[in-house]
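Dear colleague,

Please find below the structure that I am handing over to you, with its sequence. My notes on what was found in it follow directly after.

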Amino acid sequence: DSKTHPYNSFDFKVQTAGGQVLDTSFHSAGSPLNSGDLVAGGKTTGTVVLEVPVESGNQYVIWKPNAFKSDRAVVQVQ
């Protein structure tokens, strides 16, 4: 794939144990992810801050890079 793919810290959300889906926080911590484009095989690093209420149960980080497509990745956080 020779296309570039955009990335942005706003592509991330968190689903709380209570079922709430929350956006990223605007707090700066470390080196923020910012935004840009990556070519196939490209890499970047940065911090994304997700603040959630203290609850027991599973929480999930959701990465959805395009609001108009169903593509997404969901990772359980323990």
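**Overall architecture**

From the N terminus on, the elements of the chain run β-β-β-β-β-β. The chain thus holds six strands and zero helices, where strands (E, at least two residues) and helices (H or I, at least four residues) are DSSP runs numbered from the N terminus. Please note that this is a predicted model, in which local features need pLDDT of at least 70 and side-chain atom pairs count only at pLDDT 80 or more, while totals for chains, interfaces and linings use all residues. Residues are numbered from 1 along each chain as its sequence is written, and side-chain values use heavy atoms, with hydrogens and water left out.

Taken along the principal axes, the C-alpha atoms fill a box of roughly 45 × 30 × 20 Å. The accessible surface of the chain comes to about 5,900 Å², and 52% of this surface belongs to carbon and sulfur atoms; the areas come from the Shrake-Rupley method with a 1.4 Å probe, and for residues only the protein chains shown count as cover. Of the 78 residues, 15% are buried, that is, under 20% relative accessible area, with exposed meaning over 50% and partly exposed in between. Among contacts (heavy atoms within 4.5 Å) between residues at least 6 apart in sequence, 56% join residues at least 24 apart.

Four strands form an open sheet in the order 3-2-5-6, with antiparallel pairing; two strands pair if DSSP finds at least two bridges between them. Strand 3 (21-23) and strand 6 (73-77) stand at the edges with a single partner strand each, so one side of each is left without a neighbour in the sheet. From one strand to the next, the twist averages 25°, with axes fitted as lines to C-alpha atoms and angles running from 0 to 180 degrees between N-to-C directions.

Strand 5 (residues 59-63) is joined to strand 6 in the antiparallel sense over five bridges. Within strand 6, Gln76 stands opposite Tyr60, and Val74 is the bridge partner of Ile62. Strand 2 and strand 5 are also antiparallel, over four bridges, and Val14 has Val61 in strand 5 as its bridge partner.

**Charged residues**

The count comes to one salt bridge, defined as a side-chain nitrogen of Lys or Arg within 4 Å of a carboxyl oxygen of Asp or Glu. It is formed by Asp23 and Lys13, whose closest N and O atoms are 2.2 Å apart. The pair links distant parts of the chain, with Asp23 in strand 3 and Lys13 in strand 2, 10 residues apart. Lys13 counts as partly exposed, at 31% relative accessibility.

Asp11 is found in the loop between strand 1 (4-8) and strand 2 (12-15). Asp11 is buried yet has no salt bridge, and the nearest side chain of opposite charge, Lys13, is 8.8 Å away. Leaving aside neighbours within four places in sequence, Asp11 is in contact with Pro6, Ile62, Trp63, Lys64 and Pro65.

**Two further loop residues**

Ser9 also lies in the loop between strand 1 and strand 2, and Ser9 is buried, with a relative accessible area of 17%. Not counting residues up to four places away in sequence, Ser9 touches Thr24, Leu33, Asn34 and Val48. Of these, Asn34 belongs to the loop between strand 3 and strand 4 (35-39). Phi of Asn34 is near 65°, a positive value in a residue other than glycine. Most residues other than glycine have a negative phi.

With kind regards

Key: Buried means under 20% relative accessible area, exposed over 50%, partly exposed in between (1.4 Å probe, protein chains only). Lys and Arg count as positive and Asp and Glu as negative; His and the chain ends are not counted.
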